[in-house]
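I opened my notebook next to the viewer today. Here is what I looked up, entry by entry.

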Amino acid sequence: MTTRPIRSLVAAASALALLAGAAAAEDDMDYYLSVFEPLPALPPIPADNSLTAEKVELGKMLFFEPRLSASGVISCATCHNPALGWSDRLPRGTGHEGQVGLRNTPTVLNSGFLPNQFWDGREPDLEGQALGPIQAPDEMAMDLDEALKRIEQFDVYIRLFREAFPGEENPINAQNVAYAIASFERTLNTPNSPFDRFLRGDVQAMTEQQVRGMMAFADNGCVACHQGPALTDGLFHRFELPGPTDLGRFVVTGDEIDRYAFRTPTLRNVAVTYPYFHNGSIDNLHDAVNLMGEQMLGQAFDDDTLDDIVAFLHALTGEMPQVTIPALP
């Protein structure tokens with residue numbers, strides 16, 4: 001006579017326990033979701049350089065234009081190759097006459113979301129960044145005035161500059177080159193990664209291992225530096241690696257605190273933008289994550305945690321921008 005009520009109570013208690021566990025799990029997931037941000041459709045647009053189709057089209061031409069280099073064979077796209085995650089997959093960038101630079105080439109993908117540019121943050125925005133490699137002796141090694149003389153010889157560039165900067169008497173100038181290239185770069189974004197879809201409510205967008213990796217990424221403190229939509233705090237942290245001496249941000253500021261300090265890199269598309277770190281000394285994610293754990297967090301990840309975090313990092317690869325390589329004059 002008492003069997004059914006007792007069984008019913010046990011079943012009810014079990015159901016309540018399951019519901020409580022589910023509620024706790026949901027609360028935990030709400031916390032993890034609150035830690036991260038999906039990538040917006042576009043980065044912030046500066047007030048003095050509105051984003052227009054005409055500027056983007058001109059900027060694309062200039063991005064692929066080798067005549068902006070002294071040799072006539074190097075363009076922005078040489079080091080920021082669309083087929084290679086918009087980087088070059090070399091440990092350190094190679095430029096004019098085969099010179100090897102001091103640092104790894106950062107991807108230009110999602111660069112408009114970054115609060116500063118270059119490993120040492122020496123430029124605050126893409127407009128400042130755009131002209132640096134053109135003039136750098138070990139990159140494109142080109143005098144800006146000479147570069148302008150080269151491109152103003154072509155009717156197509158005269159037309160495109162006039163369309164992009166209407167009303168200007170002499171639109172072919174260095175500032176407008178920077179504005180156009182920066183405008184094009186602001187369109188090179190990678191939305192809709194499995195991670196972004198997961199954050200927006202598609203619970204099946206990431207695998208179970210990737211979800212565990214996301215949780216481990218947060219629980220172990222990686223989010224202290226890798227946060228925000230670009231998964232970087234945009235700050236500078238001391239990080240020394242074997243190889244050529246690189247003083248990092250100290251070269252820019254002269255402040256002792258910035259010696260060997262480098263900007264936190266974005267983790268967006270990190271699975272396709274190897275090798276890693278400012279000198280490109282690590283060529284795979286497992287070793288990169290392990291080294292970060294040891295140097296920045298003071299801990300060694302066990303194999304399962306390491307595998308989970310690496311799986312999560314693969315979920316950060318978004319949809320690549322569809323860019324038609326322009327036919328140059």
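**Entry 1: a charged spot**

I started with Asp-304, which is exposed, with a relative accessible area of 58%. My cut-offs: buried means under 20% relative accessible area, exposed means over 50%, and partly exposed is in between (1.4 Å probe, protein chains only). I noted that this is a predicted model, where local features need pLDDT of at least 70, side-chain atom pairs count only at pLDDT 80 or more, and totals for chains, interfaces and linings use all residues. Residues are numbered from 1 along each chain as its sequence is written, and side-chain values use heavy atoms, with hydrogens and water left out.

Asp-304 sits in helix 12 (residues 303–314). Helices here are DSSP runs of H or I with at least four residues, strands are runs of E with at least two, and both are numbered from the N terminus. I also found Asp-304 in a negative surface patch, together with Asp-302, Asp-303 and Asp-307. A patch takes residues with over 30% relative accessible area and no salt bridge, joining like charges within 9 Å and nonpolar side chains (Val, Leu, Ile, Met, Phe, Trp, Tyr) within 5 Å.

**Entry 2: a covered spot**

Next I picked Ala-180, in helix 7 (residues 174–185). Is Ala-180 buried or exposed? It is buried, with a relative accessible area of 0%. Leaving out residues up to four places away in sequence, I listed what Ala-180 touches: Lys-55, Leu-58, Gly-59, Leu-62 and Phe-165. Contact means heavy atoms within 4.5 Å. Ala-180 and Leu-62 are 118 residues apart in sequence, yet their C-alpha atoms are 7.9 Å apart in space.

That sent me to helix 2 (residues 53–63), which is mostly covered, with eight of its 11 residues buried. Leu-58, Gly-59 and Leu-62 are among them. The buried residues of helix 2 pack against helix 3 (76–79), helix 5 (144–151), helix 6 (155–164) and helix 7.

**Entry 3: salt bridges**

Side chains of opposite charge can pair when their charged atoms come close. How many salt bridges does the structure hold? I got 11, counting a side-chain nitrogen of Lys or Arg within 4 Å of a carboxyl oxygen of Asp or Glu.

Arg-268 bridges to Asp-196, with the closest N and O atoms 2.7 Å apart. This pair links distant parts of the chain, 72 residues apart: Arg-268 is in the loop between strand 2 (261–263) and helix 11 (285–296), and Asp-196 is in helix 8 (residues 194–199). Both Arg-268 and Asp-196 are buried.

Arg-212 pairs with Asp-308 at 3.2 Å between the closest N and O atoms. Here too distant parts of the chain are linked, 96 residues apart, with Arg-212 in helix 9 (residues 208–219) and Asp-308 in helix 12. Arg-212 is partly exposed at 42%, whereas Asp-308 is buried at 10%.

Asp-120 and Arg-122 form another salt bridge, with closest N and O atoms 3.1 Å apart. Asp-120 is buried at 4%, while Arg-122 is partly exposed at 39%. I also saw that Arg-103, Asp-120, Arg-122 and Asp-246 are linked in a network of salt bridges.

**Entry 4: zooming out**

I finished with the whole chain, which has 12 helices and two strands. Its C-alpha trace spans about 100 × 45 × 30 Å along the principal axes. Of the 329 residues, 47% count as buried. Among contacts between residues at least 6 apart in sequence, 68% join residues at least 24 apart.

Methods
Areas by Shrake-Rupley, 256 points an atom, 1.4 Å probe, with all protein chains shown as cover. Lys, Arg positive; Asp, Glu negative; His and termini not counted. Charge placed at Lys NZ, Arg CZ, Asp CG, Glu CD.
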